[in-house]
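Here are my notes on the model, as numbered points. Please read them with the coordinates open.

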Amino acid sequence: MPLTVHQFPCLSDNYGFLARDAATGKTACIDTPDAAAILAALSQKGWTLDLILNTHWHPDHAGGNAEVAAATGAMIVGPAEVTRISALDREVRGGDEVMLGETRFQVIETGGHTLGHIAYFDAAEHIAFVGDTLFALGCGRLFEGTAEQMWTSLQRLAALPDDTAVYCAHEYTASNARFALSVDDDPTLKARTDQIFAQRQRGEPTVPTTIGLEKATNPFLRAPKLAQRVGAAGQPDHAAFGAVRSAKDNFKG
Ligand SMILES: [Zn+2]
C-alpha cells in the first residue's frame, strides 16, 4: 500500500514532511524543523501523528521534537546523536528497520554532514528521506565527517533505484545549480538548470528529486568525472568529491 507524502515549506528554506501509511493511517513527520508548522499541517490534513523520524541532531531538524511530541504523543525515533538536543524513545542506526503501520523504512547510515546522520528508505515505494545528506544538485556541508565518509554515504544513496523519490530537507537548488554550472558543462545539467531556474521563478519546489536525475547531473555524485576541473586529477574518488565540496564552500556565485 502506498505511502502518501505531504511536503510543506517552513523556516527560511527547510521542508517539513508528513508521511502517511495508506493502509493504516499511521503518520510520521520527518524531522521537526518548525513545531508550529508541523502541527498546523497535521490539523489541515486531519492526520494524527504517531512517529517523529529524525535524520540528525541539528536544531532545524530535531529542535521541534519536544513540542511536537508533547502536542501529539508521537514517539521519537532517531540516531543517538539527537540526544544532544532532545530525548529519544528509540535509537536507530544503519541496518535497522522502522515500521510505520505497514510501511517498512530501512535506516541507511549517511554520516558526513554530522557523524551520526541517517536516512530512511521505503524500498516498496522507492521513497527516501535523506535529511541534509543529498540535495537536488548538492550535498550537505561536512560539519563533522570527512570527505571519505560523506562520499561513502552518498554512494549508499546512489545505489538506490533510479526512480527513488528523494526528499531533501532544504530548497537550495537554485544556488546549487549556479555552482554546478561553474564546474560542469554537461548538456543534461544545462537543460536541468534551465528548468530549475524557471520553476523557482514560479515559486515551485524542486524537491523531491530522484536518484537517477542526481546521478546524471549532481556535481558531487559526478565528482570523479569532474576531477580535472577541480584540480584533483588522478586522485581517488573521495578526494575528487572533497575537492568539489571545497570548491562549493568557496563559491561566490
Ligand atoms: Zn543539518
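This is a predicted model: local features need pLDDT of at least 70, side-chain atom pairs count only at pLDDT 80 or more; totals for chains, interfaces and linings use all residues.

1. Which residues of H1 (residues 35-45) are buried? They are Ala35, Ile38, Ala41 and Leu42. These residues lie on the same side of H1, because they cover an arc of only 130° around the axis. An α-helix has 3.6 residues a turn, so residues three or four places apart point the same way. Ala36, Ser43 and Gln44 are exposed, on the other side of H1.

2. After H1 comes glycine 46, with a positive phi near 75°.

3. The largest nonpolar core holds 65 residues; Cys29, Ile52, Ala119, Ala128, Phe129, Val130 and Ala240 touch the most other members. Helix H4 (residues 147-158) gives the most to this core, namely five residues. In soluble globular proteins, nonpolar side chains tend to be buried together.

4. What does phenylalanine 129 touch, leaving aside residues up to four places away in sequence? Its contacts are Phe17, Ile30, Leu53, Thr55, Ala119, Tyr120 and Tyr167.

5. On the overall fold, the protein chain has nine helices and 14 strands. Its radius of gyration is 18 Å, which agrees with the value near 18 Å for a compact globule of 253 residues. Along the principal axes, the C-alpha atoms fill a box of roughly 50 × 35 × 30 Å.

6. Buried residues account for 49% of the 253 residues in the protein chain. Of the contacts between residues at least 6 apart in sequence, 58% join residues at least 24 apart.

How values were computed:
Residues are numbered from 1 along each chain as its sequence is written. A residue is buried if 20 or more other C-beta atoms lie within 10 Å of its own, exposed if 12 or fewer, and partly exposed in between; C-beta atoms are placed from the backbone. Helices (H or I, at least four residues) and strands (E, at least two) are DSSP runs, numbered from the N terminus. The arc is that of the directions from the helix axis to the C-beta atoms. A nonpolar core is a set of buried Ala, Val, Leu, Ile, Met, Phe, Trp, Tyr and Cys residues joined through C-beta atoms within 7 Å. Two residues are in contact if their C-beta atoms, placed from the backbone, lie within 7 Å. The radius of gyration is taken over C-alpha atoms; the globule rule is 2.2 Å times the number of residues to the power 0.38.
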